[in-house]
Amino acid sequence: MVWMGPQRPVPSGPPVIADGLFGTTPVATPGGWLPAAELVPGDTVLTFDGGVQQVTALFRAPFLEGPADLWPLRVPVWALDNRDEMILLPQQKVLIESDQAELLFGDPFALIPADALEHWRGIARFRPSAPAEVVQLRFDRPQVIYASRGVLLSCAGEAWEAEDWTAPAHTVCSQSQARHLVACLMAEEAGAAIGQQRLQGD
C-alpha cells in the first residue's frame, strides 16, 4: 500500500509508506511516553483537541525505501520542540503554531506535510540504512497526538478519505501553501538573527 495522501497520485513500483510514525517515536499516553510500536488497539493516548482518546486500530509495516523524494526526514533535537532526534515520514502531517500561519490563513495552527519542513532548522531528508517499522494509528475521528515530547502529529480517523485526511479543526495546507509558510518562517528567523547581530555590534 502506498500511503501518499490526497495531494499526489499513487506511483508505480513497490509500495512505499509515506505517512505514519516510525515505531521508535514516543507517543504521549495517560501513563507516560510509549514508543508507537508498543501501542495496541484499545490503548489510550493524549490528543491536542480531544483529550484522552482510544486507539481503534493500528497498522504495522516495514519501512521500505522508495525514491529519493519519499525518503524520511531527520529532525534535530529541539527543531520542533522535540527533546530527542526524531524521524518523520514525508507526508506525515505536522501541526505548526505560528504568527505567520495566522497572517497567511487566519489561524495560528496549520497542518503541513513533513517534507515541507526540509531545510528549516536543520531538518533534512536522509536515506535510512537500518530496517525500521512504521506504525499508523487510527481513531474514531481524526486526531492530533503528542509525539517526541513536543511535536504534534495528525492521525487519521476510521474513514480514510480525502476529506477525513486530517483533523478538520485546523487549517490543512496544500504542499505549496506549506512550503510558503515554512519559507516565511525561515525568513522571519533569519531577520531576527540579523537584528540580534546588529544589536550586539552596537
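User: Hi! Where is the place of N82?

Analyst: Hi! N82 is in the loop between β7 (73–75) and β8 (86–88); strands here are DSSP runs of E, at least two residues, numbered from the N terminus. This is a predicted model, where local features need pLDDT of at least 70, side-chain atom pairs count only at pLDDT 80 or more, and totals for chains, interfaces and linings use all residues. Residues are numbered from 1 along each chain as its sequence is written, and side-chain values use heavy atoms, with hydrogens and water left out.

User: Thanks! Is N82 buried or exposed?

Analyst: N82 counts as buried because its relative accessible area is 0%. Buried means under 20%, exposed over 50%, and partly exposed in between (1.4 Å probe, protein chains only).

User: What lies 2.9 Å from a polar atom of the N82 side chain?

Analyst: That is the backbone nitrogen of L80. A polar atom of the N82 side chain also lies 2.8 Å from the backbone oxygen of D84.

User: Switching to R125: which strand is it found in?

Analyst: R125 is in strand β11, residues 124–125.

User: And which backbone oxygen does the R125 side chain reach at 3.0 Å?

Analyst: The R125 side chain reaches the backbone oxygen of D69 at 3.0 Å, and that of W71 at 3.0 Å.

Terms used
Helix = DSSP H or I, 4+ residues; strand = E, 2+ residues; numbered from the N terminus. Polar contact = N/O pair within 3.5 Å; in protein donor to acceptor, adjacent residues only side chain to side chain.
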